Amino acid sequence: MNDILRQLDRGQLVQKLSGAIAVPVIAVATALLAGAAFIAAIGQSPVVVYGILLRGTFGNFYGLGQVLFKATPLIFTGLSVALAFKAGLFNIGAEGQLYIGAFAVAWVGFTFSGVPGFLLVPLCILAGALGGALWGFIPGYLKARFGTHEVINTIMLNFIAMALTGYLVTYVYFVPETVHTQRIAAQAQIPRLEEFWPVFRGSPVNLSLFLALGAAVAVYLFLWKTKFGFELRATGSNPSAAEYGGISVGSAVITAMTLSGALSGLVGVDFVMGYKHYYEGGFSSGIGFMGIAVALLGRNHPLGVVLAALLFGALSYGGLVVNAIVPKELVDILQAIVILVVIAGTNVFGKLVLSLKKKSLG
């Protein structure tokens, strides 16, 4: 009996390792090989192109700063999607939630311009989180109260968020001949890293990076070290069993979607308070949707999300570095292949490990 239990534990460990490490590694390797084939097909050397990409991203502090800057919002949206995944929910609405959150950050930043910085900075951050939380709460409540599917709800709310913020920035809070609001107060702006480390000079990476890393730690502690986090994960694993065990599935769904929206809303801290210092219509370029890819590659674990965000940040900036040699669409191809292999690889590895486990048990 003990031998069988040890074999089961070993099998579960192998299954976890295959899912957490092997699938993402194989996905990235496959994408790089496919990208190499694409580069060779257009008459360029993959070794040369990848060498330029690596030197341009991680080979100097300016490039590293650009990678960190592009990774920061992806950490927020990746955590947002991952947290919802853990509760068994598919949050497609990170895009709309970050629009609402970013506009809320800007509105507080320029409306309360007379408030001292030590109060205005946390107020702006809180506004971003609350704005996103509100946009996450709505589909969570609809799901819990009426059973409507969160995918449909969040997609529709994306459209509403874009239209609403677009209207506000075009007709209400606009600066003439622009598509952005007025600037937030100077004391609401957060510094760039170059003010502390001159090696990052010229890069827009700012202190919101540490807020994103802190959010990753907070999400980990919440999900794995608190009663509420356990209830969310139990709901995501088996809603019927969770309800039988006394967990309020409806409350768990609402909590998960609200917290998920709050994380997406914090993207506004990076863009408004740390980068542009105003809200700009259409600023996202799909960061919310990219959060889905980041969460998938990161296996819905906060550490994995941070690493995946760094990878996608490197690919995003790397595409600009090698744009003179190969089309920038190369990055889109690499990202798409990573996602496809992660999705397919999860099922393949799951079946492979299950087959090995059955053979080991005879």
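Predicted model: local features only at pLDDT ≥ 70, side-chain atom pairs only at ≥ 80, totals over all residues.

Reader: Let's pick a helix. How far does H3 reach from its first C-alpha to its last?

Author: H3 covers residues 61-86, which is 26 residues, and reaches 35 Å, close to the expected 38 Å.

Reader: Where does the kink in H3 lie?

Author: At Ala71, shortly before the proline Pro73, and the kink is about 25°.

Reader: Is H3 enclosed or exposed, and why?

Author: H3 is largely enclosed by the rest of the structure, because 20 of its 26 residues are buried.

Reader: What goes on at the start of H3?

Author: A side-chain oxygen of Asn60 comes within 3.2 Å of the backbone nitrogen of Tyr62 there.

Reader: And what follows H3?

Author: Gly88, with a positive phi near 80°. Gly88 sits in the loop between H3 and helix H4 (94-111), and is partly exposed at a relative accessible area of 47%.

Reader: What does Gly88 touch, leaving out residues up to four places away in sequence?

Author: Glu150 and Gly236. There is also Val253, 165 residues apart from Gly88 along the chain, with 8.5 Å separating the two C-alpha atoms.

Reader: What does Ile92 touch, not counting residues up to four places away in sequence?

Author: Val151, Thr154, Ile155, Asn158, Phe289 and Ile292. Ile92 and Leu157 are 65 residues apart in sequence, and their C-alpha atoms are 9.5 Å apart in space.

Reader: Switching topic. Which residue has a positive phi of about 65° although it is not a glycine?

Author: That's Glu177. Most residues other than glycine have a negative phi, which is why I'd give that spot a look. Glu177 lies in the loop between helix H6 (150-172) and helix H7 (208-225), and is exposed, with a relative accessible area of 86%.

Reader: What about the phi of His277?

Author: Also positive, about 70°, and His277 is not a glycine. His277 is in the loop between helix H11 (267-276) and helix H12 (287-297), and at a relative accessible area of 13% it is buried.

Reader: I see Ser284 in that loop between H11 and H12 as well. What is Ser284 in contact with, leaving aside neighbours within four places in sequence?

Author: Glu95, Leu98 and Tyr99. Ser284 counts as buried, at 2% relative accessibility.

Reader: Now the rings. How many aromatic pairs does the structure hold?

Author: 16 aromatic pairs. One of them is Phe85 with Phe90, which is stacked at 5.1 Å centre to centre, with 25° between the planes. Phe85 is partly exposed at 22% relative accessibility, and Phe90 is partly exposed at 30%.

Reader: And why is the pair of Trp107 and Phe112 edge-to-face?

Author: Because their planes are at 85°, and over 60 degrees counts as edge-to-face. The ring centres of Trp107 and Phe112 are 5.7 Å apart. Trp107 is partly exposed, with a relative accessible area of 31%, and Phe112 is partly exposed at 36% relative accessibility.

Reader: Which residues do ring pairs link into a cluster?

Author: Phe69, Tyr99, Phe103, Phe110, Tyr173, Phe271, Tyr275, Tyr279 and Phe283. Tyr99 has come up already, as one of the contacts of Ser284.

Reader: Last one: what sits over the ring of Phe228?

Author: The charged end of Lys227, 5.4 Å from the ring centre.

Key
Residues numbered from 1 in each chain as written. Heavy atoms only, no water. Phe/Tyr/Trp six-rings, centres within 6.5 Å; stacked < 30°, edge-to-face > 60°. Buried < 20%, exposed > 50% of the residue type's maximum accessible area, 1.4 Å probe, protein only. Lys NZ or Arg CZ within 6 Å of the ring centre and 35° of its normal. Helix = DSSP H or I, 4+ residues; strand = E, 2+ residues; numbered from the N terminus. Expected span 1.5 Å × (residues − 1). Bend = angle between axes of the 7 residues up to and from the residue. Polar contact = N/O pair within 3.5 Å; in protein donor to acceptor, adjacent residues only side chain to side chain. Contact = heavy atoms within 4.5 Å.
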